[in-house]
Structures are given as C-alpha cells and as structure tokens.
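Trainee: I'd like to learn how to read a model like this one, feature by feature. Could you walk me through it?

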Amino acid sequence: MSRVTRLRSAASALSTSSSPAAAAAGPRAAPATCLLNGQASTTTTRPQLWQSRLQTTTQQQQQRCLSTSTPRRETALSNADSLEADFVEALPPRRRRPKVKTDLVIPKGIAFVTRVDAIEDPSYKPADSGSGLEEIGGLANWWDKPGHWGPSKEFVAFGPLDKITEPAMLEVLTKRAVIEALVLKRFAAQKTKSRLAMAATGDKEELLKVVGVELAAGEDGAATLKEEAGFQAVWDAMTENLPKVAKGEPLPVSKPAEPPISVTEAQQLAVSWGSEWKQASLRDPVVKFYTAKRIQRLTGHIISDFKMLGINTVGNLLSQLIKPPKAKKLVEELEARGQLGELPNVRVYPRRVTPVDKEKMVGRWKIITRELEKRDLPVIGTGGYKKSVEMRWASGNM
Amino acid sequence: MKRLRPERWTGQLLAARPGAPPASAGALRPRCVASRPRQLCLSARRQQQQPAWENDNDSFDVLQDGTDHARYPPLERLPASVAGYPSPLPERALKSAKLAALHARLSLPAKIPLQTMARTLVDASADENPQFNNANLAFVGHSLITYHVAEWLMCRYPRLPMNILYSAVYAYAGDEALHQVARSWGVESAAAPGGEVDPGLLQFSLDKPVTSIIKFGYKRVEAAYLEKFKWRRGISSRVVFDDDFGGVVDKTPGVEHEEPEEHEEREDDGMDDAEEGLSPSYTSYGTDETRKLAEKVHANFARATVGAVYAHCGRETAKAFINAHIMSRTLDLSKLFAFKQPTRELALLCAREDFDHPVARLLSETGRMSRTPVFVVGIYSGMDKLGEGAGPSLDMARFKAAMNALKAWYLYSPGDNVRVPSDMLAQDAKPWEPAHIDMGEIISR
C-alpha cells in the first residue's frame with residue numbers, strides 16, 4: 001500500500017519536493033507589489049536556478065519596483081543546490097525534550113521514512129497525488145481519543161456517580177450516616193482521623209457494627225445514641241481500618257465503594273429497626289452537615305442547601321432521599337387490580353385511541369390511504385405542504 | 001301464507017353450535033370452499049378462545065397500514081393477511097367490546113356465541129361467501145318472523161281483508177320496520193367492510209349490492225309485463241306466487257344493479273364528474289337507493305339475529321324474542337284501510353250478513369250556514385247503529401260513518417290474548433280451541 005508520510009512542515013515539503021518551489025523563493029527578492037517584475041523574474045530564473053547559474057543572473061538583473069525599500073538579499077539562493085541535496089543534514093540537531101513524569105500519553109517525535117530514491121523495492125510505485133491515500137498519524141483530536149488520558153486525570157467523585165435509589169438501602173445508609181455524624185462531632189478534635197473517617201466507606205463488618213448501635217431521640221428530641229458507650233464503639237469501628245497518613249501529606253483519594261450489603265439484607269435490617277428512630281431530630285447544624293456529607297459519600301445524593309433547611313428529622317431526610325415510585329399508567333393499575341379485564345363489553349387500550357385508530361376500526365382508513373396515495377399526497381403528516389400562500393398574501397402577512 | 005318446513009330450516013346452522021352434533025349426522029357436512037384461505041366451516045378454529053396469532057410472536061407480520069407503528073403500536077395485533085379478507089375473522093368476535101355489549105343489550109342467552117353474533121352483522125354485500133355472511137340466518141329469521149306475525153294477525157283480527165293483512169305483516173316484518181328495530185338495538189355500521197373492521201359493526205357495501213335470497217316466492221312468468229302493461233295481480237294469485245308481503249318476486253338473485261361499465265367510467269372520470277353523476281335525491285345521507293339498501297341491510301341483520309336465536313336456543317326462545325322485539329310494536333291497523341265506495345261495501349256486507357239495509361241518519365249538526373259546518377251522521381241497520389262519523393258535509397259524514405262501520409266489522413277481535421297455532425307446539429299445551437274463521441272479504445280485490 002502506498003502511503004504519504006506526514007512531513008515535518010509545509011515549508012520543508014516545498015523546498016524538498018521540486019525546483020519550482022525553490023524558484024518561488026526567487027521573486028521574494030522583489031517586494032510583493034511589483035507583480036509584473038516578479039512574473040518576469042520567475043520565467044527567467046527558473047531555468048537558471050535549475051542549471052545553478054542563478055547567482056550571476058540575479059546580480060545582473062536590474063530590479064525595478066515601486067517600493068522605495070531596497071530588495072533584501074536572498075542568501076539562501078546562493079547555495080540552493082546544496083540545500084536541496086543535503087536537506088536532512090541541514091536540519092537543526094534534535095533537541096532533547098525534558099523528561100516529564102506523567103501518565104498522559106504524549107505524541108511521539110518526528111518519524112522519518114526512507115526517501116523515494118533510496119527505496120530499493122522494484123515493485124514500489126510512488127503515488128502521483130494524495131487523493132485516495134490513507135492518512136496516518138496526525139495530532140487532530142489527540143486528547144479526545146481513548147487511552148491518551150492517564151488514570152490519574154480521571155475524575156473521582158466524592159460520592160458514587162450512580163445514586164443509590166433502593167429505599168431499604170437508603171434507610172440503612174442514612175442510619176449509618178446519622179450515627180457516624182454524631183460520633184464525628186464527638187471526636188472532631190482528632191482532625192486527621194475524623195477527616196479520613198469522613199471519606200471512608202468501610203466493609204460489611206464495620207457497617208453492621210455502626211448500624212447495630214441504637215439511635216434514638218434524646219431528652220430534647222435531638223438524635224443521639226441510646227447508650228453512651230456506643231460513641232466510643234462506633235469511633236473504634238470507624239477508625240480501625242483507616243490508612244496511615246504522615247503529617248503534611250495530602251489525604252488519599254479513593255473511589256466510593258459499592259454498599260457492602262445486599263438489598264435483601266438491607267430490607268431485613270430496615271424492617272427490624274421499626275420507625276421510631278426516624279422521629280429523632282436533626283436540628284443540630286453540625287450533625288446535619290456531617291450527615292449530609294456522609295450521605296453524599298455513601299449514596300451519591302447531594303442535598304441542596306434549600307432542602308437542607310427543611311430537613312428537621314431523620315424521617316424528613318429519608319423522605320428527601322427516597323423517591324416515591326413512578327405513578328403507574330391507568331392501564332397498568334387496572335391490570336394490577338384485575339378490574340375491567342373480565343368485562344367483555346369493556347376494552348382497555350394501552351394508549352390513546354387516535355383518530356386514525358377510530359378510522360381503522362370502522363374500516364375507513366384503507367379507503368383514506370388509497371385515495372391519498374392515488375393523489376400523491378402524504379398519508380400521515382403534511383408532507384411538507386404548508387398552508388395556502390394566497391391566504392397569507394390576502395391577510396397581509398408577507 | 002306459505003307452507004313452512006321448520007325441520008329443514010336450520011340444520012346446517014345447528015351444526016355450528018359448540019359441542020352439538022350435526023342435526024343430521026354426516027348428511028349436512030359443511031361445505032368448505034377450497035380456495036378460501038380460512039376454512040372455518042368445521043368450526044374447529046371458531047371455538048378457539050385465543051386467536052392463533054396472539055401467541056405467535058416470531059412469524060408474525062403485522063398489518064401495514066401506512067402509520068408509524070413505532071410511535072403508535074397497533075391497538076390490536078392483526079396478521080397482514082386480514083387485509084385480504086372481506087369480513088373480520090370469527091376469532092376476533094371474542095375481543096370485540098361492541099359485540100359483547102350488543103349481546104348483553106339484547107339480553108340474548110349465553111348459548112348464542114359471539115361468533116354467530118358477529119356473523120349476523122356481515123351482509124352479503126360485504127362478504128359473498130354464504131358461510132361467513134348472514135344470508136342463511138336471515139332466511140331463517142325472515143321465515144320465523146313472518147310466520148309468527150301472520151298467525152298472530154290472523155287469529156287476532158280474523159276478518160282482515162287479505163291486502164290489509166299483507167300490509168300489516170309488512171308493517172311488522174318489512175324492511176322499514178325491522179330497520180327501525182335494528183337501529184333501536186344500537187347497532188352502528190362500518191364505513192367500509194374489511195378484515196380489520198371491528199366485528200361489532202354492521203358491515204355492508206353500497207358500491208356492490210348483492211341480492212341474497214331471504215324470502216320464499218316464485219318468479220311469475222309474466223313478471224316482465226306486470227310493470228309494462230300494468231297487469232292486475234289478484235289477491236289469490238299473490239297468495240300463491242308472490243312473497244310474504246304480496247310483493248312481486250322479480251329480482252334475479254345475484255347482482256342487483258347491473259351497471260359495472262357505468263361504475264368504471266365514473267372512476268375514470270375522477271372527482272369532477274362524481275357529483276354530476278349523483279342522483280337528484282342525493283343528500284349527506286346518500287341517495288334514495290342507498291338509503292333503501294341500508295334499510296334492507298339493517299332489516300336483514302334483525303332477521304339474522306332471530307335466525308341465530310332460533311339456531312342456538314330453539315323455537316320457544318325465538319318466539320319470545322320475536323314477541324318482545326317485533327310484535328310488541330304498536331301498529332294502528334285502522335290507518336291501513338282505504339275505501340273507494342264505503343257505502344256500497346257496507347250495503348253489500350249487510351246484504352251478505354242478512355242485516356237490514358243500512359240507513360244513514362243525521363244525528364246532529366252545527367253551523368250549517370257557516371264556513372266550517374260539522375255534521376254527525378250515524379249508519380243504522382234496523383235499530384242497530386253500525387257506525388258514526390263526522391264531516392264537513394253530509395256526504396262526507398255519511399262516508400265516514402260507513403267507513404267506521406266497516407272498520408268496526410273488519411277489525412273484530414276475539415280478544416287480546418288469542419291463542420295461535422304455534423302455542424300448540426309447547427310441551428304442556430292445552431287442547432286447541434278452534435279459532436274464529438271469517439267467511440271472507442266482502443269485495444274481492
């Protein structure tokens with residue numbers, strides 16, 4: 001397969017490919033305004049350049065132009081032949097790129113191919129034009145291509161991108177978030193640990209330990225743990241498997257994990273708790289904030305500030321998170337209830353009965369279709385036909 | 001009336017009843033037309049509760065009707081082959097709400113399957129195949145209706161002249177009356193017949209009307225001259241030759257309007273000539289001819305329903321159905337009479353019955369010299385007043401009185417609850433008491 005290798009630059013391509021390009025450099029000696037002169041010089045210089053007799057001719061030529069500026073000396077022309085011959089050698093030495101530590105895939109350097117005259121394969125036939133040849137390489141859309149971005153540049157969300165919507169699972173994780181928020185408030189003095197604990201997801205064992213502690217409303221109605229020992233127990237469970245971070249180092253970023261329990265387990269847990277714990281108040285802004293952050297980490301739900309204002313109890317919070325199931329269509333509802341289906345004189349349709357359906361039921365639709373097709377008119381829709389133009393003219397709307 | 005052979009009426013139809021053996025085993029095997037794509041005459045597919053294509057998802061080609069099936073999936077999954085059928089498949093009857101509603105509205109017994117009801121709604125002009133249209137059922141129904149109406153009229157009004165009896169039977173069982181009955185049942189008609197149409201709609205075609213034989217009667221030899229030379233048809237010959245209403249049987253079975261060439265020309269002409277070619281009686285409800293055809297189709301549906309009731313539920317139910325829907329209608333028989341010479345007819349009657357010669361006497365009068373005088377005249381035969389009439393002149397009052405006297409004679413009735421011969425067919429019928437039989441008409445027509 002014949003291929004055109006992408007060349008380094010347009011200028012180099014011109015200078016290497018053919019002599020007329022070099023001749024085009026000839027009139028550069030004259031300013032662009034003297035077109036006639038430039039054309040004349042082109043015709044004269046082309047054969048001279050080809051026969052490497054350019055220098056003397058150029059010197060003898062009288063350059064006339066309208067510009068008052070003197071023509072620039074064209075030094076390159078003096079050794080045009082040697083430039084063409086030793087193009088590759090004349091390139092500036094390759095500079096070393098500084099090594100950058102990155103996991104991005106950076107484009108490689110310039111690739112060189114064998115010159116046409118150096119190819120020894122007798123079956124090789126150079127292409128006459130670029131049309132129809134496959135294009136390889138190139139930097140277009142480099143960063144849009146897959147694999148060119150390293151894993152370090154991927155976006156890591158604080159919470160899971162796919163929100164958890166299962167009501168029972170949301171109940172379990174909310175209870176966990178509230179309990180952990182209460183404990184985090186208690187142990188906020190241990191800054192590094194509490195920050196790490198805020199972003200931890202934990203395993204099943206930890207989850208069950210945390211959730212096993214009983215949450216209840218205190219004397220003032222605010223949410224609290226039923227037993228004082230629970231705070232320490234939960235804190236221990238939370239900090240047990242935390243990664244060790246030296247002072248001054250940034251905290252590690254980790255992806256949010258899937259909930260460690262299954263939906264059925266979550267349902268069993270949620271049923272076993274009853275609904276009393278949902279009455280506990282969340283008026284303490286610190287607890288509420290910690291809870292919201294833990295919920296974002298565990299479930300992916302971001303609670304907006306506006307909604308946060310309205311959340312005063314755990315039940316409120318749950319009602320914000322748990323979306324009621326989508327309302328069923330009337331047909332589905334009737335089917336589920338088993339109503340009307342048994343009646344032979346009632347027909348329930350799954351969708352709207354359109355005028356076309358009504359025509360079909362009485363058998364007129366086939367006639368309408370036939371007549372429309374006979375007149376080359378569209379069966380459905382307007383087929384690009386608009387309202388009468390004359391009506392528009394008559395009404396004055398031009 | 002005609003000699004009826006009830007045992008031959010519905011034998012082949014009874015074979016279609018689910019689970020019932022053929023009326024005469026083996027003899028009346030349903031004849032299937034081999035070219036017909038759906039051979040349902042053996043009623044094997046008829047009894048399927050679920051159409052075959054409902055469960056067949058793989059090899060199912062949906063009926064393409066030019067609509068967007070992705071956006072509006074068809075409300076009813078129909079195979080593409082229904083486009084070729086002139087009437088809906090019998091299986092679809094089970095899913096039609098209109099049909100079930102009609103069945104319930106008529107309080108029909110559950111024995112009558114919806115498939116048969118669907119068949120009663122297919123006219124011969126929609127589907128020519130007699131195994132799928134209602135012609136046979138209508139034949140049975142028509143015979144039953146005319147039989148019951150005629151026997152009841154004869155027993156109830158034994159002195160009715162024959163032409164009045166014909167008119168009365170027609171008024172109860174004719175096309176116009178049964179059309180009204182069918183309309184009162186709430187039957188809607190389809191715009192055009194076809195396989196995709198709701199089976200609960202009455203299907204017929206006005207473009208290619210087909211005469212189906214639903215009546216007894218002989219074609220007279222001189223039928224062509226009756227109209228041409230205005231030949232007289234005597235009542236006695238009507239009883240022998242003509243149909244149940246005394247009408248001439250002059251229609252050859254088959255195509256009713258033989259104008260195929262004219263139709264084709266009309267199609268070629270296009271839209272412009274269509275309106276010119278219409279009859280002057282054209283309204284938005286069609287022409288006189290199309291309205292008459294539609295009336296006939298509706299009447300045939302009512303007859304076919306009676307036939308279906310008879311086929312599936314038997315004689316007594318059919319009789320009760322006819323009583324409830326057809327004979328319960330009110331008909332003022334006295335409006336049917338038209339006398340040319342009532343006084344002469346009354347005189348003849350009195351002579352025949354050995355009464356005194358009728359004498360008209362002025363009973364009262366008012367405003368003799370005014371613009372609107374009223375005379376009340378009584379007709380007396382000896383000391384008996386036969387009738388009384390009022391009119392604006394003495395002659396008119398006399399005629400009216402004679403007419404009333406004649407009507408009183410002709411409309412004699414032995415009672416409201418007369419027994420009719422078909423009552424004797426019941427299981428525990430009382431012995432028959434002879435009905436009143438009149439000696440005949442006074443003036444033969």
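Mentor: Let's begin with strand pairing: two strands pair if DSSP finds at least two bridges between them. In this predicted model, take B:Val377, whose bridge partner in β5(B) is B:Gly389.

Trainee: Which residue in β5(B) is the bridge partner of B:Phe375?

Mentor: B:Phe375 is bridged to B:Gly391. Further along, B:Ile379 stands opposite B:Gly387 of β5(B). Step back and you get the whole pairing: β4 (residues 374-381) and β5 (residues 384-391) of chain B run antiparallel over seven bridges.

Trainee: And how many residues lie between β4(B) and β5(B) in the hairpin?

Mentor: Two residues separate the strands of that hairpin, and in the turn B:Gly382 has a positive phi of about 65 degrees.

Trainee: In what order do the strands of the open sheet in chain B come?

Mentor: The order is β3-β4-β5, three strands with antiparallel pairing. To find the edges, look for strands that pair on one side only: here those are β3 (358-366) and β5 of chain B. From one strand to the next the twist averages 20 degrees.

Trainee: Over how many bridges do β3(B) and β4(B) pair?

Mentor: Eight bridges, again in the antiparallel sense.

Trainee: Which helix lies across β3, β4 and β5 of chain B?

Mentor: That's α15 (residues 394-410) of chain B, running at about 135 degrees to β5(B). Follow the chain into the segment after α15 of chain B and you'll come to B:Asn417.

Trainee: Let's move to chain A. How many helices and strands are in chain A?

Mentor: Chain A has 18 helices and two strands. Of its 398 residues, 17% count as buried. For a sense of how the chain folds back on itself, take contacts between residues at least 6 apart in sequence: in chain A, 72% of them join residues at least 24 apart.

Trainee: How do I read helix packing? At what angle do α7(A) and α9(A) pack?

Mentor: Look at the angle and the distance between axes together. Helix α7(A) packs against α9 (residues 204-212) of chain A at about 70 degrees, with the axes 9 Å apart. Angles of 65 to 115 degrees count as roughly perpendicular, so that is how α7(A) and α9(A) lie to each other. On the α7(A) side the contact uses A:Val172, A:Lys175, A:Arg176, A:Ile179 and A:Glu180, and these meet A:Leu207, A:Val210 and A:Val211 of α9(A). Sorted by class, that contact has five nonpolar, no polar and three charged residues.

Trainee: And how far apart are the axes of α7 and α14 of chain A?

Mentor: They are 11 Å apart, with α7 (residues 167-186) and α14 (residues 314-321) at an angle of about 135 degrees. The two helices are therefore oblique to each other, and α7(A) passes α14(A) in a right-handed crossing. From α7(A) come A:Leu170, A:Glu171, A:Thr174 and A:Val178, and from α14(A) come A:Val314, A:Leu317, A:Leu318 and A:Leu321. That makes six nonpolar residues, one polar and one charged.

Trainee: Last one: how many residues of chain A are in contact with chain B?

Mentor: There are 21 in chain A, and they touch 19 residues of chain B. To see where the chain A side comes from, ask which elements contribute: α16 (355-361) and α17 (365-374) of chain A each supply at least two residues. By class, that side has eleven nonpolar, four polar and six charged residues.

How values were computed: Residues numbered from 1 in each chain as written. Chains lettered and ligands numbered in written order. Predicted model: local features only at pLDDT ≥ 70, side-chain atom pairs only at ≥ 80, totals over all residues. Contact = placed C-beta atoms within 7 Å. Helix = DSSP H or I, 4+ residues; strand = E, 2+ residues; numbered from the N terminus. Nonpolar A, V, L, I, M, F, W, Y, C, P; charged D, E, K, R; others polar. Axes fitted to C-alpha atoms, helices over the stretch in contact; angles between N-to-C directions. Parallel < 35°, antiparallel > 145°, perpendicular 65-115°, else oblique. Left-handed = near helix turned anticlockwise from the far one by under 90°. Buried ≥ 20, exposed ≤ 12 C-beta atoms within 10 Å, placed from the backbone.
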